[in-house]
Amino acid sequence: MVSAFAASEKVAGTFPGKVPATFSAPAVAVVPLADGAIQPQAVVDASDVIHVVFFSGQPAGGNLYYVKLAADGHRLSQPVRVNSIAGSALATGSVRGAQLSLGRNGFVHVAWHGSKAAGDATSDIPMWYARSADGVRFDAQRSLAGRSKNLDGGSVAADRSGRVAVVWHAMGDTPGESHRTVYIARSSDDGATFSAEAPATSAPVGACGCCGMRALFDRDGGLHVLYRLATDENRRDTAWLMISGTTARPPVRIHPWDIQTCPMTTYALAEASDALIAAWETAQQIYSASLNPKTGSVGAITAIPGTGTRKHPSIAVSASGERLIAWTEGTAWNRGGTSAWRLTDRNGAELGESQNAGPVPVWGLVAAVALRDGSFVIIR
């Protein structure tokens with residue numbers, strides 16, 4: 001299914017995008033992947049090269065591909081398959097797809113939830129990882145999950161010092177969601193080797209069994225993880241875990257949600273000049289807030305204006321502080337929807353928005369990046 005993407009010199013889309021004429025704002029371009037390609041994850045480097053990972057194939061067991069795009073949408077490389085074991089990626093549910101991070105010297109790091117057990121029938125689903133030094137080929141995929149059982153919600157973060165962290169949540173020593181634990185596998189050599197998985201905290205934190213996570217290293221080397229708690233039977237609050245070295249602070253509850261079933265949500269996290277910017281879903285609405293890593297405090301929580309069934313946010317922050325949040329509208333289990341976005345200045349004043357920025361297929365996601373000229377690109 002990747003052939004249509006590979007054959008096109010330019011991904012379909014409009015450059016630049018459009019914002020209401022009454023605003024003077026950066027351009028926002030919305031770029032669809034080719035038919036059959038879903039769940040984009042994107043990061044941009046210092047040269048405005050957009051690095052994209054996407055899924056193609058059967059949702060229960062397909063493949064991941066990596067490609068480089070120029071800021072104007074032209075393809076800079078042929079799509080390269082990330083997973084060395086065919087069909088080992090899972091797209092069903094939209095919460096377990098691949099995540100992508102750029103590290104030192106241009107290393108590309110990808111982690112994803114396996115579609116099936118790695119070994120015999122008694123094996124558990126693996127947490128897969130693969131890396132590329134040049135974007136032309138990926139090393140053979142490796143399972144980092146070790147003894148974790150019933151894992152979910154994998155994410156990956158890398159920094160300019162060669163550190164890589166792959167995180168996920170899995171069953172603790174005692175059955176039940178309230179006893180689930182966040183695990184981390186760490187590397188200090190650009191992903192060449194990893195430590196054995198270890199709990200991020202000394203006690204189980206409780207994690208929603210089938211919700212996603214998002215990890216990020218800040219510029220000071222702190223590791224930040226957003227995830228959904230599952231405590232007190234019906235509490236599934238958004239939580240923020242801060243880790244310095246091997247020491248984790250107690251999780252910060254960002255936003256409450258009383259619901260007894262797993263809502264299958266994902267998270268977004270980006271770094272601004274003076275804070276981290278987080279976005280998440282609570283009760284079919286997208287919220288965002290600034291997080292202060294130094295104090296562990298959460299700024300004012302803001303909802304996207306309007307109503308709808310909103311899920312799967314993505315965030316991009318420009319050098320001058322404009323913030324773009326993109327998300328899906330109307331998506332649900334085995335149901336597609338549309339993409340939407342809202343652009344604000346650093347103080348939260350709206351600069352532009354679109355409530356229908358093009359269709360999102362079944363199990364689809366959106367990915368937003370900010371370019372050096374202050375414009376933005378959303379891939380859907």
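Show the surface first. The accessible surface of the protein comes to about 15,000 Å², and 50% of it belongs to carbon and sulfur atoms. Areas come from the Shrake-Rupley method with a 1.4 Å probe; for residues, only the protein chains shown count as cover. This is a predicted model: local features need pLDDT of at least 70, side-chain atom pairs count only at pLDDT 80 or more, and totals for chains, interfaces and linings use all residues. Residues are numbered from 1 along each chain as its sequence is written, and side-chain values use heavy atoms, with hydrogens and water left out.

**Whole chain**

Switch to cartoon. The protein has one helix and 30 strands. These are DSSP runs, numbered from the N terminus: helices are H or I with at least four residues, strands E with at least two. The radius of gyration is 19 Å, close to the 21 Å that the globule rule gives for 380 residues, so the protein is as compact as a globular protein of that length. The radius is taken over C-alpha atoms, and the rule is 2.2 Å times the number of residues to the power 0.38. Along the principal axes, the C-alpha trace spans about 55 × 45 × 40 Å.

Colour by burial. Buried residues make up 59% of the 380. Buried means under 20% relative accessible area, exposed over 50%, and partly exposed in between (1.4 Å probe, protein chains only). Of the contacts with a separation of 6 or more, 51% join residues 24 or more positions apart. A contact means heavy atoms within 4.5 Å.

**Aromatic pairs**

How many aromatic pairs are there? The count comes to six. Rings of Phe, Tyr and Trp (its six-membered ring) pair if their centres lie within 6.5 Å; planes under 30 degrees apart are stacked, over 60 edge-to-face, the rest tilted.

Select Tyr 66 and Phe 138. Their ring centres are 5.6 Å apart and their planes meet at 75°, so the pair is edge-to-face. Tyr 66 lies in strand β4 (residues 61-69) and Phe 138 in the loop between β8 (127-132) and β9 (142-143), so the pair ties together parts 72 residues apart in sequence. Tyr 66 is buried at 0% relative accessibility. Phe 138 is buried at 8%.

Next, pick Trp 333 and Trp 363. This aromatic pair is also edge-to-face, at 4.8 Å centre to centre with 75° between the planes. Trp 333 sits in the loop between β25 (323-329) and β26 (337-344), and Trp 363 in the loop between β28 (359-360) and β29 (367-370), 30 residues apart. Is Trp 333 buried or exposed? Trp 333 is exposed, at 54% relative accessibility. Trp 363 is buried, at 8%.

**Lys 294**

Jump to the loop between β21 (285-292) and β22 (297-298), where Lys 294 is placed. Lys 294 is exposed at 69% relative accessibility. Leaving out residues up to four places away in sequence, Lys 294 touches Asp 220 and Arg 249.

**Two backbone stops**

Most residues other than glycine have a negative phi. Select Gln 39 in strand β2 (residues 37-44). Gln 39 has a positive phi of about 55° and is buried at 5% relative accessibility. Finish at Asp 48, in the loop between β2 and β3 (50-58). Asp 48 has a positive phi of about 65° and is buried at 12%.
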